[in-house]
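I set out to record what I looked up in this structure, entry by entry.

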There are 2 protein chains.
Amino acid sequence: MNLRIPGPTPVPPQVRDALALPMINHRSPQFAAIQARIVENLKHFFQTQNDLLLFTCSGTGGMEACVVNTISPGDPVLAISVGVFGDRFADIAHAFGAHVNRLNFTWGQAADPEIIRAKLREHPNIRVVLVTHNETSTAITNPLREIARVVREESDALLVVDAISALGAIDLPVDDWGIDVALAGSQKSWMIPPGLVMLSVSARAWNVIAQARAPRFYFDFRKMRDAMAKGETPATPAVGLYFALDAALQMMKDEGRANIFARHARVAQHARHRAQSLGLELFADPAFASNTVTAINNPPGIDFKKWRKVLREEFNVVIAGGQKDLTDKIQRIGHLGWVTEADIDACLDAMDAARRQVEQVAYA
Amino acid sequence: MNLRIPGPTPVPPQVRDALALPMINHRSPQFAAIQARIVENLKHFFQTQNDLLLFTCSGTGGMEACVVNTISPGDPVLAISVGVFGDRFADIAHAFGAHVNRLNFTWGQAADPEIIRAKLREHPNIRVVLVTHNETSTAITNPLREIARVVREESDALLVVDAISALGAIDLPVDDWGIDVALAGSQKSWMIPPGLVMLSVSARAWNVIAQARAPRFYFDFRKMRDAMAKGETPATPAVGLYFALDAALQMMKDEGRANIFARHARVAQHARHRAQSLGLELFADPAFASNTVTAINNPPGIDFKKWRKVLREEFNVVIAGGQKDLTDKIQRIGHLGWVTEADIDACLDAMDAARRQVEQVAYA
């Protein structure tokens, strides 16, 4: 199967072998060694000296972890959204009692740093800024470097970044850009199954975390930091995913960080060009088109659900539809993790053939 | 390696093969079919018609899910504890703002239903009762049937049960006993790696959940129920563990529920007898000795850390030490999931040989 959704991504054979390794004790020197190696390698890909924590959960659980450790009920929070996952970050902060100022940009567009600047000046008491690096639902990569600069210039707020579909595939130098909390998800560029999140926590963030009063237990960063310092975890972690991540990070180191970023940029550009050459329109603003996912508009009049069904059942290619308001408007092609131009060619060729098949039936 | 800890438990070859299957889309007919089959089979092992939900997290995350869906800040909660995990349940309820009445029994003893009755009469406003079915830290199985009867006779409180190290190995007829929420963990009797929890929710519980005001998002039972009704999940689930659970449940169905319970009872009794025949003392009250884990007292004067180290490094057998106040007092042997008498013999023979080796060195 050519699994071309923006996560879960295909798992390479070496990693699948690691998943099938015999189980071990999670409180053992063997586990501690694996965890230490993973942390060291993740710091390399996060480009950070900050603390690196892992939690057993979905990406949304990681987003909740970021919120409950940094806010207190009533805290003014700025939630910048360019799509479904930006909205979700805001919803989580609201659920835990933050006073959420929502700054929404049109779907398909990136966040504008100067509008963020104006908003921060308007609300100088903002304590935490939540932002998405790469918005999976619209195939947009926000200008995080510029956003981070504006946040630092205009406020003392923590900058908390959902980089789930960016980190490991798109350049995100956490320390250089001053990201306080950066969140990644296992099933994206890391080429392993879903179930783990990885995140970095800055010294500035730890100061806020020490004072934050949102209720937390399972996702408590302090508990996790203290346990990891002893080579453990507070609760039984997804041990099999640690085996897998260890193997995947070795593959990633072998390829090299800069090479991985370059490959994602190259494959993404290839996907966009190839889609256009087949007469498909791109959805997202080309100036901020994502290197990990491409969204194309549904051709006018097509039975888009049937298109995806034929693609899946007759061509063995799986792409993702649009979410929420984009359900009937776009298709999304994932190209992160274990992916090359050839995978994209196979995907787009099949999309083209399936499209003609669906349209012929419609006009027959 | 003979992994004889009370979770994670050894993963059989069929299940390891399933873990290595290629990744799929979590929003697809294929995933929906797997999830539906898992739910149906889990209901059989939970002996329930209640709703069955799965969450991607550790067991502790599942405990938090049980708490945040059933309590409101300030709610009087009765937390019955006979060890580390009972205490943890109480701590989580406290963290989320419940007014926690802690009823602690001596470690190594079971909870006494009549003392619970007195406590419920003393506090007639209790809204939720938290209790551990099988306490992994002390190798005790609480008399849950009797406890459930007392709770029903004396109050309208919800009965929320951490059955993480019991369900699937020890008889727990959820509907017959009137358990409102029963929680299981993947890495125990289900023979798959850690990272998933499974839980049942009664109609009575849903009424309370609809009113409960503790903050929640990732662990929201309502979101999960609604998504699962459509064959989906609210966030990307640990898809690989679903493959594994599907395979493991097929193995369990092939063996048969009653046969599995009988095997666990037989293997546990074998473990206790064999340990005693080797001159080892049992820690837990024999009247409530667990069928999934056995605790033995450290022989007087032994260097217990060295004992476990020699066992691990020279005999390739891994057991668990004591937790918290029991750290220097006991060793624990897990016998749940994929286990037979032969595994216990190998473990105890090695423990005996390693003990003599450690004691000889000490006296040399």
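**Entry 1. Conventions.** I worked with a predicted model, in which local features need pLDDT of at least 70, side-chain atom pairs count only at pLDDT 80 or more, and totals for chains, interfaces and linings use all residues. Residues are numbered from 1 along each chain as its sequence is written, while chains are lettered from A and ligands numbered from 1 in the order in which they are written.

**Entry 2. Domains of chain A.** I noted the division of chain A into domain 1 (13-254) and domain 2 (256-363); such bounds come from an automatic or database domain assignment. The C-alpha centres of these two domains of chain A are 27 Å apart. I then looked up the contact, which pairs 25 residues of domain 1 with 23 residues of domain 2 in chain A; two residues are in contact if their C-beta atoms, placed from the backbone, lie within 7 Å. On the domain 1 side, α2 (29-46) and β7 (140-141) of chain A are the elements that give two or more residues. Helices (H or I, at least four residues) and strands (E, at least two) are DSSP runs, numbered from the N terminus. I recorded the make-up of that side as 13 nonpolar, 10 polar and 2 charged residues. Here Ala, Val, Leu, Ile, Met, Phe, Trp, Tyr, Cys and Pro count as nonpolar, Asp, Glu, Lys and Arg as charged, and the others, Gly among them, as polar.

**Entry 3. Chain A against chain B.** I found 47 residues from chain A and 47 residues from chain B in the contact. At least two residues each come from α1 (13-19), α3 (59-70), α4 (84-95) and α10 (239-255) of chain A, and α3(A) gives the most, with 4 residues. The chain A side divides into 27 nonpolar, 15 polar and 5 charged residues. The copies meet through the same surface, because 100% of the interface residues of chain A are also interface residues in chain B.

**Entry 4. Helix α5 of chain A.** Which residues of α5 (residues 113-122) of chain A are buried? I listed P113(A), I116(A) and L120(A). A residue is buried if 20 or more other C-beta atoms lie within 10 Å of its own, exposed if 12 or fewer, and partly exposed in between, with C-beta atoms placed from the backbone. They cover an arc of only 55° around the axis, which puts them on the same side of α5(A); the arc is that of the directions from the helix axis to the C-beta atoms. E114(A), R121(A) and E122(A) are exposed on the other side. The buried residues of α5(A) pack against β3 (76-81), β4 (99-104) and α6 (144-154) of chain A.

**Entry 5. E154(A).** I placed E154(A) in helix α6 of chain A. E154(A) is in contact with R117(A), L120(A) and R121(A), leaving aside its neighbours within four places in sequence.
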